[in-house]
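Subject: Structure for you to look at

Hello,

Here is the structure we talked about. Please open it next to this email and follow the strands as you read.

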Amino acid sequence: MANWIKITEVENVPSMGSRKIIIGEEEIVVFKTKDDSIFAVNNECPHKEGKLSEGLVHEKYVTCPLHNWDIDLETGIAKDEGGECTKKYDTKVEEGFIYLSL
Ligand code: FES
């Protein structure tokens, strides 16, 4: 059974931007895409640990600020990089709040 954690209001995450949160030892970044979809992944690029929270959001990807890998926010998988991936978290929105499943 999913363990949903209430994170923040949807409006606290900028469109085509992100918000970083820390839960225990995990640094997680919540993204909002142009169509207002919400995604959450570990804030660490699978290449060399670039901070994805500092990356550029486009369509359903974030581009890592260090070497421009495109990380698919739906899966956490780096596009065209042999299956390297960062951890992805399930999210849901209820009554204007974002919830995260660990
Ligand atoms: S650390 Fe992200 S692309 Fe290199």
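**The hairpin and the other strand pairs**

β8 and β9 form a hairpin with 2 residues between them, and Glu 95, in the turn, has a positive phi of about 50 degrees. This is a predicted model, in which local features need pLDDT of at least 70 and side-chain atom pairs count only at pLDDT 80 or more, while totals for chains, interfaces and linings use all residues. Residues are numbered from 1 along each chain as its sequence is written.

Strands are DSSP runs (E, at least two residues), numbered from the N terminus. Two of them pair if DSSP finds at least two bridges between them.

One of the partners is Leu 100 in β9, bridged to Thr 91.

Elsewhere, what is the order of the strands in the open sheet of 3 strands? The order is β5-β6-β7, and the pairing is antiparallel. From one strand to the next the twist averages 30 degrees, with axes being lines fitted to C-alpha atoms and angles running from 0 to 180 degrees between N-to-C directions.

Between β5 and β6 (residues 61-63) there are 3 bridges. His 58 stands opposite Tyr 61 in β6.

Strands of a sheet pair through backbone hydrogen bonds, either parallel or antiparallel.

Regards

Terms used. Helices (H or I, at least four residues) and strands (E, at least two) are DSSP runs, numbered from the N terminus.
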